[in-house]
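Welcome, and please open your viewer.

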Amino acid sequence: MNTNQRNVFRRILYCLVFSLIIVCFEKSDIALASSATVGFEIEEGEYMVGDQITVTLTVKTDANLGDFDGSIIYNSTVLEYVQGPSCIAGGDGMLRIEDMDASSSWNLRSYVMTFKAIDFGDCEFAFVDAPLAYEYESGNAMSVSATTKTISVLSLPEASDNAELAVLKLGKSELTPSFDSKVMEYSTIVDSTTTQLVLSAIPVDSKAKVSVEGNKNFEVGNNKVVITVTSEAGTSQQYIIQVVKEDRETVSLPVAKEESQKSDSDGSFRTSVEGGITLIHGGFEYTVVKETDGITIPDGYVKTSIKVNGNTIPVYQLAANAQDDYLLLVLQNQFGQTNLYRYDRFEKTIQRYTGDRVIIQGNPDEAELTISQLKRTYQNKLGKKNLVIVVLGGLLVVVVICLITLYLKTKEIRNDEFY
């Protein structure tokens, strides 16, 4: 190494040492900054509804603590704020601590609050944002870290665990099947203008709580409304209503002409009601079956309904495509056999459902030509990629040879200088 190289190396070394010294000073300054840890302390044990609970907010510091400011949140449905220091105000789930112009506190300061357990459940104490703590002498802000605390309140031992509904009614819609407190899942159909159900859900036990989710802003197709009943003792169960929203006003299927209604070989149909049973007349006579026991509805279909001659018929339509021309019906033929049938809204015909078919349209020769073109394109691209790989491989070999040659020349020069 010549003299110039040594000088450059020394300068770089001096810069590195100087930078390291600066960093160490900065780190030491940070370490000297005052800090505070804020947390909640609650005596361990079981708490029941009606108990008084003491919660202590502690602020631990490594310097004299002056002012302190922060906002606490908690579950007001479980605990009710009773009292605390004059610097704490609020309630209904939020308390604000503004301890300004406070006397100096070394190492520890405590704020004791009293709550009443008004219901069972979990309640977490936490800060909305990081609280603010200031040094007493300088007024500088401390580095603050805050922790949370959760308390569980149990129901009274004699509390009821009945989480059943006594009544479940809908305003304009009908439940299928009829309500039974032991049945957990139902379905109903609503028109295209309905955005939510008008429902009445009354628990068997008046002390049980009822909450409803999903009962708003219905979309076309399937929607799920969940009714949760929570007993006084804390047990719960859910009643589910599958709500099918139609994508249009009630559809009226066309009626065949009078002269063709007696015997229609094309499958067109009309309806009538006899003794409470809905019949479909056409090339055959079918009975509309409301129960689907033993019938498998294909995946992707949801239950809805249409009207034919003023008579409502339950049908199934594709949930992903409400405009599809095909609807499925569960019908019983004149021989007493129950099957799925498909109604074609465009052709206005009905036929036995044997499964959805995939139809490939287009000329087979054209398809083969397209496949051949794609194959040639792929082969051309593959050939180009192979060429690129070969070229890159050759360049790599040249680079390696150059590096080896340079290394050998450098070694010869060093050997000459040595001798």
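Is Asn217 buried or exposed? Select Asn217 and show its surface: the residue is exposed, because its relative accessible area is 60% and anything over 50% counts as exposed. Keep in mind during the tour that this is a predicted model.

**Stop 1: two residues with positive phi**

Stay with Asn217 for a moment. You will find Asn217 in the loop between strand E15 (209-213) and strand E16 (221-230). Its phi is near 50°, which is a positive value in a residue other than glycine.

Now select Asp92, in the loop between strand E5 (88-91) and strand E6 (94-99). Asp92 also has a positive phi without being glycine, here near 55°. With 76% relative accessibility, Asp92 counts as exposed.

**Stop 2**

How many salt bridges does a search of the whole structure find? The search finds seven. Let's visit some of them.

Show the side chains of Arg96 and Glu98, which meet in a salt bridge with N to O at 3.8 Å. Arg96 is partly exposed at 36% relative accessibility, and Glu98 is partly exposed at 45%.

Next, select Arg109 and Asp99. Their closest N and O atoms are 3.2 Å apart, forming another salt bridge. This pair links distant parts of the chain, with Arg109 in strand E7 (residues 105-117) and Asp99 in strand E6, 10 residues apart. Both ends are out of the way of the surface: Arg109 is buried with a relative accessible area of 8%, and Asp99 counts as buried at 15%.

Then pick Glu232 and Lys207, a salt bridge whose closest N and O atoms are 3.9 Å apart. Here too distant parts of the chain are linked: Glu232 is in the loop between E16 and strand E17 (236-245), while Lys207 is in the loop between strand E14 (199-203) and E15, 25 residues apart. Glu232 is partly exposed at 22%, whereas Lys207 is exposed at 55%.

**Stop 3: the largest pocket**

Which residues lie nearest the centre of the largest pocket? Select Glu174, Thr176, Thr188, Ile189 and Ser305, which are among the 38 residues of its lining. The space in this pocket is about 1,200 Å³. E13, strand E21 (301-308) and strand E22 (311-318) each supply at least two lining residues, and E21 gives the most, with six. Colour the lining by residue type and you will see 14 nonpolar, 15 polar and nine charged residues.

While Thr176 is selected, look at its link to Pro177: this peptide bond is cis, with omega near -5°. Pro177 is found in the loop between strand E12 (165-170) and strand E13 (185-190).

**Stop 4: an enclosed space**

The structure holds two cavities of 30 Å³ or more.

**Stop 5: a nonpolar patch**

Finish with Leu387, Val388, Val391, Leu392 and Leu395, which make a nonpolar surface patch of about 480 Å². Val388 lies in helix H2 (residues 364-418) and counts as partly exposed, at 48% relative accessibility.

Key. Residues are numbered from 1 along each chain as its sequence is written. This is a predicted model: local features need pLDDT of at least 70, side-chain atom pairs count only at pLDDT 80 or more; totals for chains, interfaces and linings use all residues. Side-chain values use heavy atoms; hydrogens and water are left out. Patches are made of residues with over 30% relative accessible area and no salt bridge: like charges are joined within 9 Å, nonpolar side chains (Val, Leu, Ile, Met, Phe, Trp, Tyr) within 5 Å. Accessible areas come from the Shrake-Rupley method with a 1.4 Å probe; for residues, only the protein chains shown count as cover. A salt bridge is a side-chain nitrogen of Lys or Arg within 4 Å of a carboxyl oxygen of Asp or Glu. Helices (H or I, at least four residues) and strands (E, at least two) are DSSP runs, numbered from the N terminus. Buried means under 20% relative accessible area, exposed over 50%, partly exposed in between (1.4 Å probe, protein chains only). On a 1 Å grid over the protein atoms alone, a cavity is a set of points where a 1.4 Å probe fits but cannot get out, and a pocket is an open set with protein on both sides within 12 Å along at least five of seven lines; lining residues have an atom within 4 Å of a point. Grid points are joined across faces, edges and corners, and a volume is the space filled by probe spheres set on the points. Ala, Val, Leu, Ile, Met, Phe, Trp, Tyr, Cys and Pro count as nonpolar, Asp, Glu, Lys and Arg as charged, and the others, Gly among them, as polar.
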